[in-house]
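Colleague: Could you walk me through this model?
Modeller: Happy to; here it is.

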Amino acid sequence: MSGLMKLMGLILLLAVACEPTSRGTAGTIEPTLASLFNTTVPQDRVLQPTPSPVIEVTHVIETIYYPVNGGTTEEILASVEANGPKTLRQGGDVFAAGLTEFEAELTYSLEGDFPCTILSANLAINFTVTLPRHANAEALSPQVLDRWRQFAAEVAFHEQTHVDISLATMNEFTEVAPISGAQLCDRLKSQLDKAFDRFMEIEDERQEGFHADELARSNAAQAPLQLQLADAETELARLDAMIDARSAQITTLATEITRIERSYRFSGIPAAIYDEYERTVNQHNALIKESNTLSNSYNAVVEKINHIIEELAWIP
């Protein structure tokens with residue numbers, strides 16, 4: 001009788017440590033029954049232990065690269081989103097910078113009843129890993145190239161962790177799979193299949209746990225930058241309001257200066273109002289100077305905000 005289970009999904013493995021065998025203490029050697037009678041036991045009469053069946057695990061990893069283009073952060077990440085794989089999560093298509101898919105197939109051959117034994121068993125796992133690759137990385141600026149390489153390395157590490165989780169879980173399954181003890185083959189087959197189904201569920205739970213940990217890590221990395229961004233946006237709004245207020249004052253003063261100069265364009269500004277006119281001009285010019293200083297500060301904050309946004313964009 002043979003059995004086959006073929007499931008799609010992701011997997012996680014916990015390494016099972018081997019306990020070292022204990023060493024016996026030195027002492028006298030007890031004679032065997034054969035030595036007492038000065039004879040030997042025929043080899044065909046010696047009982048040999050029946051080897052326990054082992055589920056052999058094999059795996060193949062195929063890596064697929066999708067093209068990424070662009071020279072700036074915005075262009076590169078837009079290309080990653082456009083060309084990257086899509087996965088079904090939370091009820092819909094979700095963009096992913098990388099993706100790991102796997103197919104697990106359990107095959108085995110059973111023989112006899114009372115008890116039923118496994119003649120052979122194999123667990124074959126095929127992985128397909130999709131990763132980004134920039135089409136012209138040599139043309140990137142040194143700063144963008146460093147960011148791209150770090151980003152691509154983190155995506156690859158993330159997907160390799162998915163592979164490691166899957167292999168670990170499947171290897172753990174082989175350690176505890178019910179490969180003996182059933183009297184009937186139908187019963188052993190049912191136990192094997194149910195155990196495999198359960199480990200596929202465990203693997204999925206572990207993958208979801210890994211995603212939750214990664215999300216928490218990403219949020220933790222983004223948190224201080226988000227605070228900096230909020231502070232910078234508050235400062236930008238304050239500067240914007242100050243610039244607007246001075247612009248309104250400058251417009252009012254400029255209108256008054258223009259009125260006076262037009263009123264006395266032929267006769268000249270009378271001495272009686274000249275001091276007031278001069279104060280208005282000086283106030284106007286001082287406000288322009290203040291406004292220019294505020295504008296420089298505004299532009300510096302805008303640059304800071306753009307830098308923070310770029311930092312946030314590269315966090316996987």
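Colleague: At what angle do the axes of helix α2 and helix α3 cross?
Modeller: First, a word on the source: this is a predicted model, where local features need pLDDT of at least 70, side-chain atom pairs count only at pLDDT 80 or more, and totals for chains, interfaces and linings use all residues. Residues are numbered from 1 along each chain as its sequence is written, and side-chain values use heavy atoms, leaving out hydrogens and water. Helices here are DSSP runs of H or I, at least four residues, and strands are runs of E, at least two, numbered from the N terminus. The axes (lines fitted to C-alpha atoms over the stretch in contact, with angles from 0 to 180 degrees between N-to-C directions) of α2 (residues 73–83) and α3 (residues 142–176) come within 11 Å and cross at roughly 30°.

Colleague: Which residues of α3 do I76, L77 and V80 in α2 meet?
Modeller: Contact means heavy atoms within 4.5 Å. By that criterion, I76, L77 and V80 of α2 meet, in α3, V144, W148 and F151.

Colleague: How far apart are the end C-alpha atoms of helix α5?
Modeller: The expected span is 1.5 Å times one less than the number of residues. For the 43 residues of α5 (residues 271–313) that should give 63 Å, and the computed distance agrees: 63 Å.

Colleague: What is included in the cover of the buried residues of α5?
Modeller: Buried means under 20% relative accessible area, with a 1.4 Å probe and protein chains only. Among the buried residues of α5 are Y277, H284 and L312. Their cover includes α4 (185–263).

Colleague: How many helices and strands has the chain?
Modeller: From the N terminus on, the elements run β-α-β-α-β-β-β-β-α-α-α. The count is 5 helices and 6 strands.

How values were computed:
Buried < 20%, exposed > 50% of the residue type's maximum accessible area, 1.4 Å probe, protein only.
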